[in-house]
Structures are given as C-alpha cells and as structure tokens.
Amino acid sequence: MRLSFIRKAPLAAFLLLSQHLFAQQPVADGVEMADRLRADGKIWVVVAVIAAVFAGIIIYLIRLDRQISKLEKDVRKKSSSVISH
C-alpha cells in the first residue's frame with residue numbers, strides 16, 4: 001500500500017515532533033544498580049557471566065555449522081551417486 005505525500009507529511013511531522021515525549025529524563029546520580037555492582041566489585045561477575053553465555057552461543061553455532069556442512073556433504077555425495085547409476 002503506497003501512501004500519498006498528503007498522508008505522509010502529517011505522519012512524518014507527528015513522528016518527528018513527538019520524539020521528545022519518549023526521551024528519558026537525565027539521571028543525576030547515575031544508574032543505581034550499576035553503581036552498586038561496581039562499588040561491590042560484582043560488575044566483573046556480571047561481565048564474566050555474559051561473556052560465558054556469549055562464548056557458549058558462539059561454540060554452539062560453530063558446532064551446528066559443522067554438523068550442517070557434514071550433512072550437506074553427505075546429501076551431495078548420495079545425490080551424485082544416485083544420478084550416476
């Protein structure tokens with residue numbers, strides 16, 4: 001569905017003018033939870049957990065890619081043997 005310029009202009013103006021309504025108020029003291037974790041030295045635990053989860057996802061994706069590649073190779077091999085016979 002294509003909108004004409006007459007319909008696009010008010011929509012664009014509304015979106016541009018209403019952005020200030022969605023802006024967050026600045027935090028004077030910073031983020032309380034992050035400051036508390038940093039002060040207790042626990043921020044590194046959070047970083048380590050996130051890094052471990054990320055590494056696990058990467059390892060899983062690499063293994064999955066290898067398995068899929070192996071299956072694709074087997075399928076190509078079987079299809080070429082069927083065609084040649």
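**Salt bridges, helices and surface**

Mentor: Start with a pair of side chains. Arg-76 and Glu-72 form a salt bridge, with the closest N and O atoms 4.0 Å apart. Keep in mind that the model is predicted.

Trainee: What makes the contact of Arg-76 with Glu-72 a salt bridge?

Mentor: The cut-off is a side-chain nitrogen of Lys or Arg within 4 Å of a carboxyl oxygen of Asp or Glu. Arg-76 and Glu-72 have their closest N and O atoms 4.0 Å apart. That pair is counted as a salt bridge.

Trainee: Why are Arg-76 and Glu-72 separated by about one helical turn?

Mentor: Because they are four residues apart in helix H4.

Trainee: Why is Arg-76 called exposed?

Mentor: Exposed means over 50% relative accessible area. Arg-76 has 56%, so it is exposed. Glu-72 has 41%, so it is called partly exposed.

Trainee: How many salt bridges does a search of the whole structure find?

Mentor: Three. One of them joins Asp-35 and Arg-38, with the closest N and O atoms 3.0 Å apart. Both residues lie in helix H3, three residues apart, about one turn of the helix.

Trainee: Which side chain meets Asp-40 in a salt bridge?

Mentor: Arg-36, at 3.3 Å from N to O. Asp-40 and Arg-36 are four residues apart in helix H3, so about one helical turn separates them. Asp-40 is at 41% and counts as partly exposed. Arg-36 is at 56% and counts as exposed.

Trainee: Why does helix H3 lie largely in the open?

Mentor: Buried means under 20% relative accessible area. H3 covers residues 32–40, and of its nine residues the number buried is zero, so it lies largely in the open. Gly-41 follows H3, with a positive phi near 80°.

Trainee: What percentage of the whole protein counts as buried?

Mentor: Of its 85 residues, 1% count as buried. The accessible surface comes to about 8,600 Å², and 67% of that belongs to carbon and sulfur atoms.

Trainee: Which residues make the nonpolar surface patch?

Mentor: Among them are Val-45, Val-49, Phe-54, Tyr-60 and Ile-68. The patch is about 1,000 Å².

Trainee: What makes Val-45 count as exposed?

Mentor: The cut-off for exposed is over 50%. Val-45 has a relative accessible area of 52%, so it is exposed. Val-45 is found in helix H4.

Trainee: What pattern does the protein follow along the sequence?

Mentor: The pattern is α-α-α-α. The secondary structure comes to four helices and zero strands.

Trainee: Where is confidence lowest, and where is it highest?

Mentor: Helix H2, residues 19–22, is lowest, at a mean of 64. Helix H4, residues 43–84, is highest, at 93. The mean pLDDT of the protein is 82, and 78% of its residues reach 70 or more.

Trainee: What does the mean for H2 say against the threshold for local features?

Mentor: Local features need pLDDT of at least 70. The mean in H2 is 64.

Notes: Residues are numbered from 1 along each chain as its sequence is written. Side-chain values use heavy atoms; hydrogens and water are left out. Buried means under 20% relative accessible area, exposed over 50%, partly exposed in between (1.4 Å probe, protein chains only). Helices (H or I, at least four residues) and strands (E, at least two) are DSSP runs, numbered from the N terminus. Accessible areas come from the Shrake-Rupley method with a 1.4 Å probe; for residues, only the protein chains shown count as cover. pLDDT is the predictor's confidence in each residue, from 0 to 100. Patches are made of residues with over 30% relative accessible area and no salt bridge: like charges are joined within 9 Å, nonpolar side chains (Val, Leu, Ile, Met, Phe, Trp, Tyr) within 5 Å.
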